[in-house]
Amino acid sequence: MLQNKTQTFNDGIVRIYKLENSATPGDKPVESLVLKKILRYHERTVGINRYYAALKENVGVDLVLRCPEVRGISEKKEDILVAVPEDGLQYKVGQVQFPEDVTPAVMDLSLERLGTDYDI
């Protein structure tokens, strides 16, 4: 029987934002970031398989963060999530995975660096 790996989250704090329209109804849309969650994380290596799989889908994986599992953080097409870790840079959340062999329950966020930052 395999024993679950114990995960720590000592590398920093990541802020997860949702991109929303903050304009008054009827006005021109204004995209702004709304804070959704603040989580601790462990920075993971971007593996070669993950890197090339992302390239096949025409997306990049610049950073992978492992955080405590929070349901409701997703990569649904209608939701654009932006992560801001300790480096202060902004990344789009491209994929969320939920590995099963780790204690406590975790999620891996695959992040792609944004070309243009949003105002926070």
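This is a predicted model: local features need pLDDT of at least 70, side-chain atom pairs count only at pLDDT 80 or more; totals for chains, interfaces and linings use all residues.
Entry 1, the barrel. I looked up the overall strand arrangement and found a closed barrel of 6 strands in the order E2-E3-E4-E8-E6-E5, with antiparallel pairing. From one strand to the next the twist averages 45°. The axes are lines fitted to C-alpha atoms, and angles run from 0 to 180 degrees between N-to-C directions. Strands here are DSSP runs (E, at least two residues), numbered from the N terminus, and two of them pair if DSSP finds at least two bridges between them.

Residues are numbered from 1 along each chain as its sequence is written, and side-chain values use heavy atoms, leaving out hydrogens and water.

Entry 3, E2 with E3. I checked strand E2 (residues 12–21) against E3 and found antiparallel pairing over 10 bridges. Glu-20 has Ser-32 in E3 as its bridge partner.

I then followed strand E3 (residues 31–44) to strand E4 (residues 63–68), where the antiparallel pairing covers 3 bridges. In E4, Val-64 stands opposite Arg-44, and Arg-66 stands opposite His-42.

I looked at the bond from Thr-103 to Pro-104 and found it cis, with omega near -5°. Pro-104 lies in the loop between strand E7 (102–103) and strand E8 (106–113).

Methods: Helices (H or I, at least four residues) and strands (E, at least two) are DSSP runs, numbered from the N terminus.
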